[in-house]
Structures are given as C-alpha cells and as structure tokens.
Amino acid sequence: MSDGPLDSPASLSQALADAGYLADAPLATAGYLARRLGRPLFLEGDAGVGKTAFAQALATATGAHFVRLQCYEGLDASQALYDWDFPRQILHLRAVEAAALAGGDRPDREELEASLYDRRFLLARPLLQALERNPCVLLVDEIDRADDEFEAFLLEVLSDYAITIPELGRIAAEHPPLTVLTSNRTRDVHDALKRRCLYHWVEHPSFEREVAILRARLPEVTERLAAEVAGATRRMRELDLIKPPGVAESLDWAGALAALGARALDPELAAATLGAVLKYREDADRVRNTGMAALLGG
Amino acid sequence: MNADWGGLRERRPAVPGRDITALLVGFARTLRHAGVEATPDRVPALLAAADALGAGTVQGVYWAGRLTLCGSRDDLAVYDAAFAGYFGGATPGRLPGIAPQLTLPRPSAPFAGPDASEQADAPDAVLAMDASPAEVLRQRDLAALTAAERDEVRRLVALLAPAAAPRPSRRYRPGRRGDVDPSRSVRLLLRHGGEPTRLAYRRRRVRPRRLVLLLDVSGSMSPYADALLRFGHAAVRRHPTRTEVFTLGTRLTRISRALQYRDPDVALRAAGSAIADWHGGTRLAESLKAFLDRYGQRGMARGAVVVLCSDGWERGDPAQLAGQLARLSLLAYRLVWVNPHRGKPGFAPLAGGMAAALPYLDDFVAGHSLAALEELVQVIAHA
C-alpha cells in the first residue's frame, strides 16, 4: 500500500487538504502509518472534532471506495456482514417449479439447492462490501455503541480480512481495506481489539487551522468572519461548558452567519445564532452571562 | 503546512551508537513498568512504524511509539513522561490543550481500618447473647469491627454478587412464543421446498444494565472505604464489561480495570496504587463534574444504574453539587445514594451536600453494615 505519491505523512496531508480536510501533523502521521503498515486506525476524541470526516477524506484522498458501518446496540452479523435475500430466493424457487410443471420434468434437487444459495441472492452488508471492493476505506463508527459480542466478531473479521459463508465458502479481501474505528469512550473497548490498531487521540484544531478549515469548507465566509468565529468558539471551549463546541459546530455557526449575510460577527448576530453552536440551555445561559462582547474578544 | 514537519525530516539520531531495535524494545519495557499496557506483541508494530517514519529522528520515534503502544487517552501523559525519561530531553509531541491527570503509583495501599486497640469497648455483649454471631456481625457498623470480624466481613462481601436490573436488549433469541421470526420462518419454508409448514418465533434477550459505582474515598469515609471497594470488586467480578467503578475525593480515578483481578486483595492493592487522593478532602461536585464531562455525558451514565457512596460532606458550594446531580439524574436510569451515616440513630440528612442532593435521588440507602450492603444489592437488582 506504500506505492503511489502518498509516500510520506506530508504528502498524505497534502492529499487530504486537496480533499477538503486539513489534518494536523500527528493525524496525518497516524493515517500514513495505518496505510503503510496495513493496520486499523483507532480514533478517539471529543464529539465534533472531525473523526468521521477524516475517514471520508482519507477515502477521497487515496481514491478508494468508502464504506461506513454505524454501530449501535444489538448490531449483529446479518446487519453488519451479509444476509440472504429470502423473498428473491422464494421467487426463484417458485419460478423453477413453474417451469418444471410446464416442461413436465422434475428439477434436480441438488442443482436447485445450489442455485438457491447463489452469490446473487447474497446481500452484502458493510463489512462484506469493504472486503469485496478494492481499494476501500472502511469506517466503523462509534464502536463503543455496539455490544461486546459484536466487538469479538469484528476482531475476527479484522484479523484475517476474510469471512466464511457456510453455503458459499470463504470470501477474502484481495487488498485489506484501510480501516478507521472511532469511539466516544462510553465504555472501554476490549484490549484485544485495541492491540491490533494504531491509537490516536484527535485534538481540537489550533486557531489558525480552524480558520483555515472554515475558509476551505465554506468559501462564502469572509476571512474576518472566519477568524472571529474561530476565536469565539475557542473562548467557548475554555468556558467549561457541558458540550464544548467542536469543529462541526463552528462550521455550522459560520454557515448560519454567512446565510444571514454577515461579513463580521457582532454581539446581536452572535446572540441570535447561538443555537447553531451551543446545544444546551445551560451552556447558552452561561455564555450570555459571560457577555457576548467578551466572547468576541471585545 | 511546512512548519508542522520541522522535526520530522531532520536526521538526528535519537541516541547514537546503540542498536535501535534493542533501544525500542527497552523503551516498550520501560513504558510497561510505567503502567501503559505496552504488551510485547505490540513491539513488532512499533519497530515497523519507527522504520516507516524514520527511526533516526526523535519525532519519528515519538509518534511511532505513541501510535502503536498507547491504548487510551490516559496513557498519553504517562507515555510523554516515559519518553522524556528514556530518551532524555523534552517530548517533541507535547500538544497544548492536553491536561490529563497523571496518577502516580503509590508504594503502599493504606487499607487498614481503625486499630484493633480502639475496638476494645465496641462489641455489645448483651446483644450477642440472644442473636447468632453471624447475625450480629451482619448488623455491626463496619467502622467498629475487630481485625477478625473484618476478615469475616471481607469474606462475606466477596460473596455478594451485585448486578443491575435487566433491561430488554435489541437482540433476539429463538423462543416458543413471542413475535414471528421472519428469517427463521423463511428458512424453514425453504427447507420444505417452499411449502409453509410452521412459524418460528423469537423473543427479546435481556441484558443487565450498566452499573456505575462512584465511591467517595475522602478522609471522612475512610472507615467504610475498604468494604465499599470490596463491594465494587464483587460487582466488577460479576459483570466485568457492564460495571464501572470510580473513586471520588479531590479528583476522579477510574479503577474498573484494577478491580478485574480475581483475588480481592490483589485487586484492592492495584486500585489503591491508582488512587492518589486517599483520605484527603472531598470535592464532590468537582469530581462528579469530571465524571460527567469525561464519561457520563458521552454515554456511560445513560440508562445505567448509578450508585454514589458518600457521606455528603461537601467542601464546596452545595448548589454546585445539586447542579451536577441534576445532570446525572437526567442521564441515569436510576440514581442511588449510599450514606453510611444513614444507618445511625438520629441521622438527618443535614450535611450541606446531602440536603442539596435529596431531590434528585431515586433511592437513599445506608450501606454501613453487611446487612445494609445486602440491602443495596437488592436495591440495585430491582431498580
């Protein structure tokens, strides 16, 4: 996987930037190593810091397919791996029977059974899709939401990048997908899974990087507005809020302000659009009490 | 963008004249001693990563090690310190904004309760006459036990198996009754050549809720801390993946991992070395806030049975404690407060923190004796 122009963290960082994602040096290094060593990348960090977007940008930057598996409690093999398309199997059975009746001869039982479990009746769910597509970036999002049975199951798939379907046999990936796992740390993911991965904690971006992200993602936002929004969200993160705003929120906020035709941030506009960046009433109260002018660095 | 790569390209040997592999293996071992789970099977990845990033540069070695050997955010501060200690000089990756709490290992674990000499007048001879010794022991205050009684109580606490009430899960299991299971029904039908024969049914599985124990280990709680930690150990042993134990004092410490050792004494020693604020003061509101910010809000407390063991002696502002409890009660399925003083005659919840907390609690239990801990098991199981 080390071929092509992406032969250093810096060039991966450039490719990510071309895909619209400004990664800092550590994150680009992590992505580069994951690609180079063929190991899954385990990302943790505050919500809205850009973990999911990183995986998407990685797919664009490396010209790979993108497959996302959103985890939730009760996720099982038939939703993550594959399922048989029962309605179509039954239709097929009926069609064969009808043809046999018209033709007068009985269909061969074994042949019929084999045709029932044909690849075309197999519904590929995200993990199987990721094994079959090449090249591919597989995002296993919020792994901590799935239960531990699923983790064990995922471990099996990630260790040899192959699955065995009883009726069809073994399906192995030609090139293992580049796998990115994200977690919000609602519970400890099992060590056996972490051991296989590279671990990285994603930080909030620096002020300059956040301005650059806002400018890159939202071309309609002026330089001044971007700087003021980045400055204000930065101060909000220091205010000890229930949910400090991430990059996702500052993007929403800048987008909302731009939609109102703002070219710079003033206290009235900020107060009117606060709902785009703060999602708790207590947080909004706290920011209002601190004073909008102070928030804007006045 | 170029500024970011300053150190990565300069070819400066980390330590000249030593075999790089031996150096890195030694570093992994140092890290293991410092408490990071840098198991030997991670070392090949470290070597490959260091090779890919350039083993000759400090930056390359730093990031190769950090990405391959660390497993959680708490490891990062330990990693930085170990890196600086092993390779000398400052760590290149010191990122502004990280302020993880570094809990330094402590050599001894002060688990001893009050001295046996203080206990001479405690046993109540009159009561002992008309009740069995075991029954008396069950009712005795944990703060007033002799050494032999304490051993017996420890043994009995280890037998408790606290588990939170079950809830229906999203997964199904085959059942004789319940909803029709479409996929199994169709499979049956296919097996009979497309002829409908009988329907298959499925039922929801049940799983225990997550149990979160928040134990106050400040000075005023010290007579009960040992028993409560043992209670925590029993809970973790029962459902290791569904139980989380934290200690509160002047800071928040997660001890769920340490308590997974099978032997209670080993587990308690491991937990004791992780707790830096034994017998200190109480900053309940602040520790609770740390729990909610770092774990609870993200999902650990959601739908969980949360048990808070504290006497409610709050040094800070009770209103702040009330605010944090309000947050917690909105997240938790059930919020239980265990206050050892509740079991004492004449107790009224007047301590500043306790009075502020009452409106947010679902249950308020004592937990000062073995019998009270057994009652707590019942409360948790039927919450």
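Of the 383 residues of chain B, 38% count as buried. Here a residue is buried if 20 or more other C-beta atoms lie within 10 Å of its own, exposed if 12 or fewer, and partly exposed in between, with C-beta atoms placed from the backbone. The model is a predicted one, in which local features need pLDDT of at least 70, side-chain atom pairs count only at pLDDT 80 or more, and totals for chains, interfaces and linings use all residues. Residues are numbered from 1 along each chain as its sequence is written, while chains are lettered from A and ligands numbered from 1 in the order in which they are written.

Confidence comes next. The predictor gives the complex an ipTM of 0.73 and a pTM of 0.74. For chain B the mean pLDDT (the predictor's confidence in each residue, from 0 to 100) is 79. In this chain, 83% of the residues reach 70 or more. Two stretches of chain B fall under 50: residues 1-17 and residues 94-130. The model has 23 contacts beyond four places in sequence for residues 1-17, and 45 for residues 94-130. Two residues are in contact if their C-beta atoms, placed from the backbone, lie within 7 Å. Where pLDDT is low, the predicted coordinates should not be read in detail.

The secondary structure of chain B comes to 15 helices and nine strands. Both are DSSP runs, numbered from the N terminus: helices are H or I with at least four residues, and strands are E with at least two. Among contacts in chain B between residues at least 6 apart in sequence, 74% join residues at least 24 apart.

Chain B holds an open sheet of six strands. The order is 6-5-4-7-8-9, and the pairing is mixed. Two strands pair if DSSP finds at least two bridges between them. Strand 6 (252-254) and strand 9 (363-365) of chain B stand at the edges. Each has a single partner strand, so one side of each is left without a neighbour in the sheet. Neighbouring strands are turned by 20° against each other on average, direction ignored. Axes are lines fitted to C-alpha atoms, for helices over the stretch in contact, and angles run from 0 to 180 degrees between N-to-C directions.

Strand 4 (residues 211-216) and strand 5 (residues 243-248) of chain B run parallel and are joined by six bridges. D216(B) stands opposite L248(B) in strand 5 of chain B. Helix 10 (residues 222-238) of chain B packs on the sheet. This helix touches strand 4, strand 5 and strand 7 (305-309) of chain B, and its direction makes about 165° with that of strand 4. Helix 12 (residues 284-300) of chain B lies across strand 4, strand 5 and strand 6, running at about 160° to strand 5 of chain B. In the loop between helix 11 (264-274) and helix 12 of chain B lies H279(B). Its phi is near 55°, a positive value in a residue other than glycine. H279(B) is partly exposed, because 14 other C-beta atoms lie within 10 Å.

Chain A is divided into domain 1 (9-80 + 132-202), domain 2 (82-122) and domain 3 (207-286). These bounds come from an automatic or database domain assignment. The C-alpha centres of domain 2 and domain 3 of chain A lie 59 Å apart. D18(A) belongs to helix 1 (residues 9-18) of chain A. With 11 C-beta neighbours inside 10 Å, D18(A) counts as exposed. D18(A) and A216(A) are 198 residues apart in sequence, yet 9.8 Å apart in space, C-alpha to C-alpha.

Two loops of chain A have backbone features of note. P135(A) lies in the loop between helix 7 (126-132) and strand 5 (136-141) of chain A. The peptide bond from N134(A) to P135(A) is cis, with omega near -10°. Y161(A) is found between helix 8 (148-160) and strand 6 (162-165) of chain A, in a loop. Although not a glycine, Y161(A) has a positive phi of about 45°.

The contact between the chains takes 34 residues from chain B and 36 residues from chain A. Helix 3 (43-53) of chain B is one of the elements that give two or more residues to the side of chain B that touches chain A. This helix gives the most to that side, with five residues.

The largest nonpolar core has 105 residues. Such a core is a set of buried Ala, Val, Leu, Ile, Met, Phe, Trp, Tyr and Cys residues joined through C-beta atoms within 7 Å. Those with the most contacts inside it are L33(A), L58(A), V137(A), V229(A) and A49(B). Helix 2 (residues 25-37) of chain A supplies the largest share of this core, eight residues. Apart from it lies another core, of 65 residues, including L215(B) and V379(B).
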